[in-house]
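The following paragraphs are intended for a reader meeting this structure for the first time.

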Amino acid sequence: INAEYMGHFLSVYFFSGPHAPTHAMAPKKDSKPAAKKEDKPAKAAPKPAAKADKGAKPAANKAAAKPAPPKKQAKQAAPAPKEKVKNVVAGVCVKNLEFEGMCHETVTEIFKGCGKIQEIRLRHGKSVLIFFETAAAATRAMEMKSKVVKGNKIEVELLKKAKPTEARENYCTSLYVGKLPGGTTKKQLSIHFNAFAKVARVRLYKAKHMGFIYFYTNEDAKKAFANKHVAFSHGKDVSKMEFVPLSLTHKLDVRYSIRTFALDKLKAKKAHDCAPPSVQARRVEKSEARKKRKEAKLSAKAKKSAKKESKTDKVELPKKEAKPAAKKEEKKPTAKKEEKPAAKKEEKAPKPAPKKEEKAKANKKK
């Protein structure tokens, strides 16, 4: 190796000129391959195994490439979480917003430039919750942060947990009825709403001119609400009338109500528990008396219906067999009965004549 190195050094040193670089580089090409050839054989032995592994890998990859379709299916099923992203809460909490006459209408006027408002909840003295239809509208409302609105510097924050309330028409089973005319009764309201759906119960507050109509299902409540434009005619049939008076064309204010039988029971129980013991005892006595009256009425109705059934069973059979024949036999000899009343009439007729004569004589004497 030293002899080759010295020969290379001498060739570069003595043979200088324009062709020196090309001539000088030639020995490098010859020397390096020689070194590589000496080094490579030692490393060449393990390479075949590596090549064999490389050859085996493609086969394994081909085998593994067959179950690849499920990955594509997973990618196709991946869009499901994208739908969840749409359910972003588009609500805003506004603080320090207090002024005289604050209501839903005034708040909508302030924030109507941000977008369509879905719902507003007023928490007087605390905050105002505003729910928009889109998240973009909520971001616009956030821009109103630290602005002065009607003399108050408001603070606006995005809502994280609060959600808008569900529409009442999806779950309510009762209706609120307002603007009732004077003298309305439960029976009139039940007749009016029974034309649309079956009514379960009617609660009437005459002093407030309002009431609540309970139905069995949400579908029945929807049917009745759809016919809210029908005029209230106090339970009378107006279809046959040529001219309907104004008193029978009253329009009611109908809305969905949250009331149910279970909520009414809870309210009554709370009111009963808060009352003093003397009042509670009176209420218990009254409720027991009502139950007894109802039971008595039901038992009386059951007895009457049983008597009617028993009479029909006993009377219907003999009427068809014996009585019709007996009636025909009795009706035939009716000549004597016809003569007697004529004789009586003849006898009774002359009786009033002497009275008139006596009166005429008395008048002459006077």
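Helices, of at least four residues, and strands, of at least two, are taken here as DSSP runs and numbered from the N terminus. The model is a predicted one. Its secondary structure amounts to 14 helices and ten strands. The chain has 366 residues, and 20% of them are buried. Its accessible surface is about 29500 Å², with 57% of that area belonging to carbon and sulfur atoms. Among contacts with a separation of 6 or more, 60% join residues 24 or more positions apart.

Beyond its neighbours within four places in sequence, Phe132 is in contact with Ala90, Val92, Phe111, Cys114, Gly115, Lys116, Ile117, Gln118, Ala137, Ala138 and Ala141.

Attention may now turn to helix H8, which spans residues 186–194 and whose buried residues are Gln188, Leu189, Ser190, His192 and Phe193. These buried residues pack against strand S7 (174–178), S8, S9 and H9. An α-helix has 3.6 residues a turn, so residues three or four places apart point the same way. Within helix H8, Gln188 counts as buried because its relative accessible area of 18% falls under the 20% limit. Leaving out residues up to four places away in sequence, Gln188 touches Gly183, Phe232, His234 and Gly235.

His234 is situated in the loop between helix H9 (218–226) and strand S10 (253–257). Its phi is near 55 degrees, a positive value in a residue that is not glycine. With a relative accessible area of 17%, His234 is buried.

A positive phi, of about 55 degrees, is also found at His209, likewise not a glycine. His209 belongs to the loop between strand S8 (199–205) and strand S9 (210–215). Is His209 buried, partly exposed or exposed? Its relative accessibility is 38%, and it therefore counts as partly exposed, a class that lies between the limits of 20% and 50%.

Which residues surround His209, apart from its neighbours within four places in sequence? They are Val177, Gly178, Lys179, Leu180, Pro181 and Gly182. Lys179 is 30 residues away from His209 along the chain, yet their C-alpha atoms are separated by 5.8 Å. A polar atom of the His209 side chain also lies 3.1 Å from the backbone oxygen of Leu180.

Charged side chains provide the next topic. Side chains of opposite charge can pair when their charged atoms come close. The structure holds two salt bridges. In one of them, Arg121 pairs with Glu119, and the closest N and O atoms are 3.3 Å apart. Another salt bridge joins the side chains of Arg255 and Asp253, with 3.0 Å from N to O. Arg255 is partly exposed, having a relative accessible area of 48%.

The account ends at the surface. Tyr171, Ile258, Leu263 and Leu266 form a nonpolar patch there, and together they present about 360 Å² of accessible area. Ile258 is placed in the loop between S10 and helix H10 (261–274). How accessible is Ile258, and which class does it fall into? Its relative accessible area is 42%, and Ile258 is accordingly partly exposed.

Key: Residues numbered from 1 in each chain as written. Predicted model: local features only at pLDDT ≥ 70, side-chain atom pairs only at ≥ 80, totals over all residues. Heavy atoms only, no water. Buried < 20%, exposed > 50% of the residue type's maximum accessible area, 1.4 Å probe, protein only. Patch = residues over 30% accessible without salt bridge, like charges linked within 9 Å, V, L, I, M, F, W, Y side chains within 5 Å. Areas by Shrake-Rupley, 256 points an atom, 1.4 Å probe, with all protein chains shown as cover. Salt bridge = Lys/Arg side-chain N within 4 Å of Asp/Glu carboxyl O. Contact = heavy atoms within 4.5 Å. Polar contact = N/O pair within 3.5 Å; in protein donor to acceptor, adjacent residues only side chain to side chain.
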